[in-house]
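Please walk me through this structure, from the overall fold down to a single residue.

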Amino acid sequence: MSHLSKNKAKLLARVRRLKGQIEAIERAIEAEEPCGAVLNQVASVRGAVTGLTAELIEDHIRNHVVDPARETDPDRAQGAADLIDVMRTYLK
């Protein structure tokens with residue numbers, strides 16, 4: 001996925017934040033913190049993974065399927081834009 005190299009620093013920063021969040025969950029479990037606090041941390045990680053997934057899928061669509069901004073066929077451009085919008089909504 002060569003297009004990932006354009007956003008490599010940004011993507012790696014997100015992954016590193018996720019790693020830190022996972023490590024915080026590990027520390028919370030080891031410290032026997034209340035389950036509510038741990039569940040909130042897990043929910044945060046889930047949201048972060050979902051956001052990363054949405055970004056990667058959108059980049060994939062734009063780079064390997066069709067980029068609505070560059071497509072000359074208006075129906076294909078609209079179809080790709082609709083797919084991206086549905087994917088964003090679904091992954092919220």
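This is a predicted model: local features need pLDDT of at least 70, side-chain atom pairs count only at pLDDT 80 or more; totals for chains, interfaces and linings use all residues.

The chain contains 3 helices and 0 strands, and its elements follow the order α-α-α from the N terminus. Along its principal axes, the C-alpha trace covers about 55 × 25 × 15 Å. The radius of gyration of the chain is 17 Å, whereas a compact globule of 92 residues would come near 12 Å.

Next come burial and surface. Of the 92 residues in the chain, 24% are buried. The accessible surface amounts to about 6600 Å², and carbon and sulfur atoms account for 57% of that area. Contacts within the chain can also be sorted by sequence separation: of those between residues at least 6 apart, 57% link residues at least 24 apart.

The last stop is a loop. Helix α2 covers residues 35–65 and α3 covers residues 74–90, with D67 in the loop between them. Is D67 buried or exposed? D67 has a relative accessible area of 15%, and because buried means under 20%, this residue counts as buried. Which residues does D67 touch, leaving aside those up to four places away in sequence? The answer is I61 and R62. With R62 there is also a polar contact, in which the side chains of D67 and R62 are joined at 3.3 Å. D67 is thus a buried residue in the loop between α2 and α3, with its side chain in polar contact with that of R62.

Key: Residues are numbered from 1 along each chain as its sequence is written. Side-chain values use heavy atoms; hydrogens and water are left out. Helices (H or I, at least four residues) and strands (E, at least two) are DSSP runs, numbered from the N terminus. The radius of gyration is taken over C-alpha atoms; the globule rule is 2.2 Å times the number of residues to the power 0.38. Buried means under 20% relative accessible area, exposed over 50%, partly exposed in between (1.4 Å probe, protein chains only). Contact means heavy atoms within 4.5 Å. Accessible areas come from the Shrake-Rupley method with a 1.4 Å probe; for residues, only the protein chains shown count as cover. A polar contact is a pair of N or O atoms within 3.5 Å; within protein, one must be able to donate a hydrogen and the other to accept it, and residues adjacent in sequence count only if both atoms are side-chain atoms.
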